[in-house]
Protein chains: 2
Amino acid sequence: MPQYRRRRWREANALRLDLNGLLAGAVGGDGIAPEELGAFEPELLRVRDAIAARRAAGELSFTALPHEREPVRRVLEVAAAVQGQFDALVVLGIGGSALGIRALAGALATEGSALRIVVADSIDPETFGPLLAGLDLRRTLFNVVSKSGETAETMAQFMIVRDRLMHQLGAVDYKRHLVVTTDARHGSLRQIVNDEGFQQLVIPEGIDGRYSVLTAVGLFPAAAAGIDIEELLAGAASMDERGRAAPTPLRDPALALAGALWLLATRRQKRMLVLMAYCERLAATGDWFCQLWAESLGKSVELGDRTAVWGQTPIRLGPADQHSQLQLFVDGPPDKVVVFLRVDDHGAAVDVPATYQDLEGVGYLGGHSLGALLNAEQRATELALAKRGRPSATLTLPGVTAFTLGQLLFLLQMAAVDLAAIAGIDPFGQPGVEESRRLAFGLLGRPGFEASHDEVEGWLAQKDTRFIL
Amino acid sequence: MPQYRRRRWREANALRLDLNGLLAGAVGGDGIAPEELGAFEPELLRVRDAIAARRAAGELSFTALPHEREPVRRVLEVAAAVQGQFDALVVLGIGGSALGIRALAGALATEGSALRIVVADSIDPETFGPLLAGLDLRRTLFNVVSKSGETAETMAQFMIVRDRLMHQLGAVDYKRHLVVTTDARHGSLRQIVNDEGFQQLVIPEGIDGRYSVLTAVGLFPAAAAGIDIEELLAGAASMDERGRAAPTPLRDPALALAGALWLLATRRQKRMLVLMAYCERLAATGDWFCQLWAESLGKSVELGDRTAVWGQTPIRLGPADQHSQLQLFVDGPPDKVVVFLRVDDHGAAVDVPATYQDLEGVGYLGGHSLGALLNAEQRATELALAKRGRPSATLTLPGVTAFTLGQLLFLLQMAAVDLAAIAGIDPFGQPGVEESRRLAFGLLGRPGFEASHDEVEGWLAQKDTRFIL
C-alpha cells in the first residue's frame, strides 16, 4: 500500500477514546469538572516527562517491543518450523503467561486457522485430565511458558505432558512436541531446555507477565495460529506514536485516561473500574486487563512511618451482564467507573427476521442486525448510567483486527504505567504474592521451605473450630 | 438406601462453612470480634423470625421449590418426551434465564451425557452466528427461556432460530424443536406459545430470574442432559432444613454468613465480596452468584428525605487468578472479603510423575496429585490473606455432586435474602435496570418508546466532543 493510502487506512482504523462521560457536564457532581482536569495538566506533564526519561534510560522495556525486529524474526522462524505438523497448540502457562495469548486468540484466531489454540491455565484435574485425554498427542504441540521456570502449576503440567509424550512417542520424538518460552538464563525450565534440547524462545529481561503479550509469550502461539503479528505490532506502535506525538497530555489517550481515572479514584471514590466489553471477542482482553490493572496498581508503599496503599479493583463484564450486574451499578453505591469497549463493525451479519409484526412486544426487533442490537444496548446502558450520575468512558474499535487490538493492548499498558507514575508506585513486580507462593511450596514439601510447612500446619492446628458449620 | 444409612450419607455429604477466617482471632482488627457477633445475635433472631413469617405467608416462593413435587413431575415429563431425539440442547436465555443452567451444567453435565447443553446468552453475531452454523438443526432442541417473554436478546435469538428451523424443517416439524419456558399467562412469548403450540413449561409467579435455578428454568435443561434433579433438590431441601433446625442463628449457615458479611461490610468497609472457586466445575456457579448478589443487594431505598444505598460488589475468580489478582488483594486497599469454594474430592486423579528429582525448583512436585496441588494453593492463599489481615470464609464441598450443589445454591440464595433483611432492602425486583431497557427500546424503534428514542438522540447530539481522542 502506498504511504499516503496506508496513512489514511491507519486513521480510519484508529481506536477512539471518548472521555466525555467522565465529566461533570455528562454526569454531574460525580464527574470531573473541566477546571479540575485543567489544574491537573501540570502533573500530567511531569508524568509524561518522567516516563520519557525512563524510556530513554531503557527502563520501560515493554514500550520498545512494538519497534523491535529481531524477536519477531525469531518467533516467525519457530512458527514456520512447526507449521503443518500439528492440529492443536496447547499453551501451558498461567497468569501473565496465559492471559495475553488468551486475549490474542480470543479476538483474532479464526475457525479455519491452521492450528487450534488451547490455553491450559488450570490444574484442576477435572479440566486438565479430560483436555489431555481428548488430544491426539501425535498432532499436538505444547508451548510451555514460564518466566521463572518454576511456576508450580505450569511445571506440574509440563511434567505430566512430557511423561505422556515420552510414553507415546518415545524418548527422542517427544522433543519435537515441545516449545519452551522462558528466561534466557535462569530457572529450572531453562536448565531442562539446555539438557533436553527443546525448541525455545526467550522472555526478555525486565518484562513482567502482564506486559509480555508482545513478546514471544503472546507472539509465538499467535503466529503459529496464523494471527498477523506484524499488524498487531504495527497497531501497538501506532498507539505509541500517537501518544508521544500528542501536543498536550490530554491529547495522549493513555495519559488522559490515566489522569481522569486518578481524579475519579482519589476525589470521587471510584474504587472499582468495570471494563464492559460489548463484543465477545474482547472478553479475554478484559481478563488480561484485570491482571494488568490489579498487579500493576494494587500496591502498598512504605513511606517512612506510614504505608500508602493504592489500587483500583478491576472487574470484567460482558453484554449479558447488563442482565446481572446493572442493577447494582445503577442503584448501588457510586463506587465504580465504567469503561465500555465498543465495536463499530461486528463483522458477521446476522439479522432478525421481520416476523411477529403484529406483536408490539417483539415485532420491533425484526430487521435489526444483532450487531446493531448489541450497540444499541451499549448506548442505552451508557446513558442510563449517566442519568444516575455514574461516569463512564468509551473505547471504540472500528473493528476487531490485529491492528486495532494492538492499539488497545498498548493503550491499556501505557495507561497502567501512567497511572502508577501519578500514584507514585512501581507498576512492575508483585511483592505481595511471594508469601502465598512460599506457603504453597511449604505445603507441597519443596526443600528449603520446611518452616513454611510448619507455619501452615501450626495455623491449621490452632484454628478456632467454633465457627465451622 | 435405608433411612439411617441415607442420614449418614447426607452427613458425610454435607457442605461445611468455616467462618473462622472472618474473625479477629484469625485476622486481627479487620476481623469481627466475638463480642460483636454476640451482640448481633438478637438482630439475627429478629431476621430469622421475620423470614419465617414471610415464608408462612407464602412470600418467599423460591424457598418452597425444593419441596414441591408437581413442577418436577412436569419437568421430567417434558424431558422424557424429548429424550433420544436430539444431540444438543441450546438454551436461548440471558441473565437469570442463563446463569442457573450454566451453573448446573458446568458442575454436573458429563461428557457422555445424552444431550450436550449449550447456553446461548450472547447476541454477538460473531458468537451466535457461528454457533447456529455449527449445529445440525435436525438434531437440535432449543429451550427459549424468558419470564417476561419480551427480553430483547432472547426474543431476537428466538426469531432467528424459528426462521431457520421453519426454512429447514418445514412449517409443521419446526415446532418439535422448541420448548418454551415462560410466565403462565403474560407476555408475547406466552401468546406465541398459545398460537403455535410449542411444548411449554411455566416459570411460577413471584420468582425472579436469580432465584429460578430450581424452577423449570434450570431443571428442564438439566434433566434433559441427564443431571439428577431429584438429588439437586434433595440437597437444597437438606440445606433448608439445616438452617431451620439450627438451635441458634449463628448455627444457621446462611444466617451466620449473612450476619458476618453485614458486619464486615458496614463496620470494616468490605465493599466487595470475592468468590474464589478452587474448582473449575464451580466457575459458572460463581457467575450465577454474582447476579444473585448484585441484583438482590444493590439497591437504593427512599427513606423520607434521604436515600439509603446498599450493595456489596461481587467478584468471581478462579484458581488461576491468584496469578493475576492476588497482589491487589494482599497489598491493595483492604476493601474485600473473600469466600473460598473448596472441594475435598476432585474426582479425577491426575498425578505429577516423579521426574526431575535432582532439580530443587521442580522435583518436589513429583508424586502430588493435581487436586492436592490445587487445595494446597487454596490453603496458602487463605493463610497469606489472613497474615495480611484480610478476612476470608471457606465453603467446602465433599465433592461436586447434585446433592452438594443443591446445598450450595440454596445456601447462597438464603444468605442473600437474609442479608437483604438485615439491610432492610427488598432482595427481589431490579428497578434500576428499567431505564436502560426503556432507552434500548427507544433506540430500536419499539412502538410507544418514541420519547426514549428522542432522548438518546438528543443526548448524543449535545455530547461534548472535546474529549474524544
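**Notes on a two-chain predicted model**

1. Let's start with one pair of strands. Strand β7 (residues 272-277) of chain B is joined to β10(B) by five bridges, and the two strands run parallel. To find this pairing on your screen, look for Met272(B), which stands opposite Thr313(B) in β10(B). Keep in mind as you read that this is a predicted model.

2. Now widen the view to the sheet around that pair. In chain B, five strands make an open sheet with the order β1-β12-β11-β7-β10, and its pairing is mixed. Which strands are at the edges? They are β1 (16-18) and β10 (313-317) of chain B, each of which pairs on one side only. From one strand to the next, the twist averages 20 degrees. A reminder that helps here: the strands of a sheet pair through backbone hydrogen bonds, and they may do so in a parallel or an antiparallel way.

3. Chain B has another open sheet to look at. This sheet also holds five strands, in the order β3-β2-β4-β5-β6 of chain B, and the pairing is parallel.

4. Strand β4 (residues 140-146) and strand β5 (residues 178-183) of chain B pair in the parallel sense, over five bridges. A handy landmark is Asn143(B), which stands opposite Val179(B) in β5(B).

5. Next come the helices that go with this sheet. Helix α9 (residues 216-224) of chain B packs on the sheet and touches β2, β3, β4, β5 and β6 of chain B. The direction of α9 makes about 140 degrees with that of β6(B). Helix α7 (residues 152-173) of chain B lies across β2 (88-92), β3 and β4 of chain B, and runs at about 150 degrees to β4(B).

6. Let's move to chain A and its domains. Chain A is divided into domain 1 (3-55 + 232-423) and domain 2 (68-227). The C-alpha centres of these two domains of chain A lie 31 Å apart.

7. Now see how the chains meet. The contact takes 116 residues from chain A and 116 residues from chain B. On the side of chain B that touches chain A, helix α14 (residues 370-387) of chain B gives the most, with twelve residues. The residues on this side of chain B divide into 59 nonpolar, 33 polar and 24 charged.

8. How are the two chains related? Chain B superposes on chain A by a rotation of 180 degrees with 0.0 Å of shift along its axis (RMSD 0.0 Å). That is the relation of a two-fold axis. The residue of chain B that comes closest to the rotation axis is Ile315(B), at 3.6 Å (C-alpha). Of the interface residues of chain B, 100% are also interface residues in chain A, so the copies meet through the same surface.

9. A last point on confidence. Chain A averages a pLDDT of 95, and 100% of its residues score at least 70. For the complex, the predictor gives an ipTM of 0.96 and a pTM of 0.97.

Notes:
Residues numbered from 1 in each chain as written. Chains lettered and ligands numbered in written order. Predicted model: local features only at pLDDT ≥ 70, side-chain atom pairs only at ≥ 80, totals over all residues. Contact = placed C-beta atoms within 7 Å. Helix = DSSP H or I, 4+ residues; strand = E, 2+ residues; numbered from the N terminus. Nonpolar A, V, L, I, M, F, W, Y, C, P; charged D, E, K, R; others polar. Domains from an automatic or database assignment. Pairing = 2+ DSSP bridges. Axes fitted to C-alpha atoms, helices over the stretch in contact; angles between N-to-C directions. Least-squares fit on C-alpha atoms with pLDDT ≥ 70 in both. pLDDT = per-residue confidence, 0-100.
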